[in-house]
Amino acid sequence: MASRRSAELFSAALAGSADVTELPIRLLRACSDALPVTGVGLALMTERGPAGTIAATDAPAAALEDLQFTLGEGPCVDASRSGRPVLQPDLAATAPQRWPAFAGGALAAGVRAVFALPLRVGAIRLGVLDLYRNSPGALSAGELAEALSYSDAATLLLLHLQAGSPVAGPPEESMPVLDDRAEVHQATGVVSVHAGVSLGEALLLLRARAFAEHRAIRDLARDVLDGVVDFRPDGESE
Amino acid sequence: MAREQRLTRVFVELADTLVEEFDLVEFLQTLTERCVELVDTDAAGLMLDDQRGNLQVVAYTDESARLLELFELQKAEGPCLDCFASGQPITNVDLGDAATRWPVFAEAARGVGFAVSHAVPMRLRRQVVGALNLFTVAPVQLSPEHLAVVQGLADIATIGLLHERAVRDQVVLAEQLQTALHSRIVIEQAKGVLSARGGTSVGEAFRLLRSHARRTGEALTAVAEAVVGQRLGIADLTADPTGPAPSP
């Protein structure tokens, strides 16, 4: 699902940015400029709910993330839980029934439409990209497709940041993680059981080891599946 | 069983899954498997357009079909891509005779043992949204009747996409594709988890997931999510072993 378009968008945010902490806001500004939305926010999510705001293009976008973090409800919480986009083109009409606590705060902050796009690698929940408008109105199918490309670029970005600078190579290196690489996802499942960690941590372990051994993550995944490489703690087997 | 009977049975099976708890990936997976059985071919793969300039493999009957589909995408040549670009079926292609048309793909397909390839388009009104690819080991051609069945199944795959839109609000093709691909990833992650817990191959792990979904009437993706979320263990899946389900 890392389409060529999302790779382009990610690379554009990466290009010319000396400071890795600038990356998220560059991507969000590009997204906000490219689409008919007022602002964009990026939140970290875990299975337990919102885990904090990474970046926001303006004050209402930041308020939107803070509200959901504080209340534990809202479109971004639902998007992360369901793994599907939650599209609310007219918040005043729909939000009060669906998220009573969130609705008041969001409308007070001037938010009238929200498009919450989940950032995930299969069952691994990484975060949510929230696009908002200060007037009601839907995104067209083409605009939504572009928004989804930004959400994939944001997923690549989170994987890139999560790994820290050692693993954070050029985009080509992080791409296979999101690409259709069945072996990598299968090996992630195997490593999570052997190492006794979550799928998200298992994917990080795989990427870190591939980086340390200067190998393609796919080759390492193949070895994990063939039992050649083992992530069990020392002294344990079968 | 007579072919008409088998055909009827498959149509009923697929129609039965067009319910509210519809699972697009499982639907397309079942469809590729039944297609191979109905028209005596050896492997099938299905690609969908992600509406953002890429085709993506969402269902396949075995690993060789999946790898060939990926190979097509990487090398940007092959029957599925041509079929998608032209919107026309490209059927009964002798791969031994396709070196000019698809030099790299034809060699790779013959390398894994396939002699003949077929591709038919998935159409949604005037838009081509994907393609269904079939491969045969024996150098035999499909009859016009068989090809009609294959096109019929490709049309049913499109109906699956439309059905998902009907049961979900505001869903657009690009989102359907993104969600389908993540469902596919969850299934792969669950195969890994299950194989590590049970000491089995990933292929066997998939059969366990599949037969549990069938037995309980749950969606395959939901079963996979329950496995990675540790709500379903290896004991739950092996408790009532029914016969072998199709691979992978």
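**Exercise 1. In what order do the strands of the open sheet in chain B stand, and in which sense do they pair?**

Solution. This is a predicted model, in which local features need pLDDT of at least 70, side-chain atom pairs count only at pLDDT 80 or more, and totals for chains, interfaces and linings use all residues. Residues are numbered from 1 along each chain as its sequence is written, while chains are lettered from A and ligands numbered from 1 in the order in which they are written.

Step 1. Helices (H or I, at least four residues) and strands (E, at least two) are DSSP runs, numbered from the N terminus. Chain B has ten helices and five strands.

Step 2. Two strands pair if DSSP finds at least two bridges between them. The five strands of the open sheet in chain B follow the order 2-1-5-4-3, with antiparallel pairing.

Step 3. Strand 2 (55-60) and strand 3 (90-94) of chain B each have a single partner strand, so one side of each is left without a neighbour in the sheet. From one strand to the next, the twist averages 20 degrees.

Step 4. Take one pair as a check: six bridges link strand 1 (residues 43-49) of chain B to strand 5 (residues 127-136) of chain B in the antiparallel sense. B:L48 has B:G130 of strand 5 as its bridge partner.

**Exercise 2. Find which helices of chain B lie against these strands**.

Solution. Step 1. Residues are in contact if their C-beta atoms, placed from the backbone, lie within 7 Å. Axes are lines fitted to C-alpha atoms, for helices over the stretch in contact, and angles run from 0 to 180 degrees between N-to-C directions.

Step 2. Helix 6 (residues 144-167) of chain B packs on the sheet and touches strand 1, strand 3, strand 4 (116-124) and strand 5 of chain B. The direction of helix 6 makes about 40 degrees with that of strand 4 of chain B.

Step 3. Helix 7 (residues 173-198) of chain B lies across strand 1, strand 2 and strand 5 of chain B, at about 50 degrees to strand 2.

**Exercise 3. Describe the largest nonpolar core**.

Solution. Step 1. A residue is buried if 20 or more other C-beta atoms lie within 10 Å of its own, exposed if 12 or fewer, and partly exposed in between. A nonpolar core is a set of buried Ala, Val, Leu, Ile, Met, Phe, Trp, Tyr and Cys residues joined through C-beta atoms within 7 Å.

Step 2. The largest core has 147 residues, and B:L132 and B:L209 have the most contacts inside it. Helix 7 of chain B gives the largest share of this core, twelve residues.

Step 3. Beyond its neighbours within four places in sequence, B:L209 contacts residues including B:A190, B:L194 and B:V227.

**Exercise 4. Describe chain A and the side of it that touches chain B**.

Solution. Step 1. Chain A holds twelve helices and five strands, and 51% of its 238 residues count as buried.

Step 2. Strand 1 (residues 39-46) and strand 2 (residues 49-56) of chain A run antiparallel, joined by six bridges. These two strands form a hairpin with two residues between them, and A:T46 stands opposite A:G49.

Step 3. In the contact between the chains, 31 residues come from chain A and 32 residues from chain B. Helix 10 (182-195) of chain A gives the largest share of chain A's side, ten residues.

Notes
Two residues are in contact if their C-beta atoms, placed from the backbone, lie within 7 Å.
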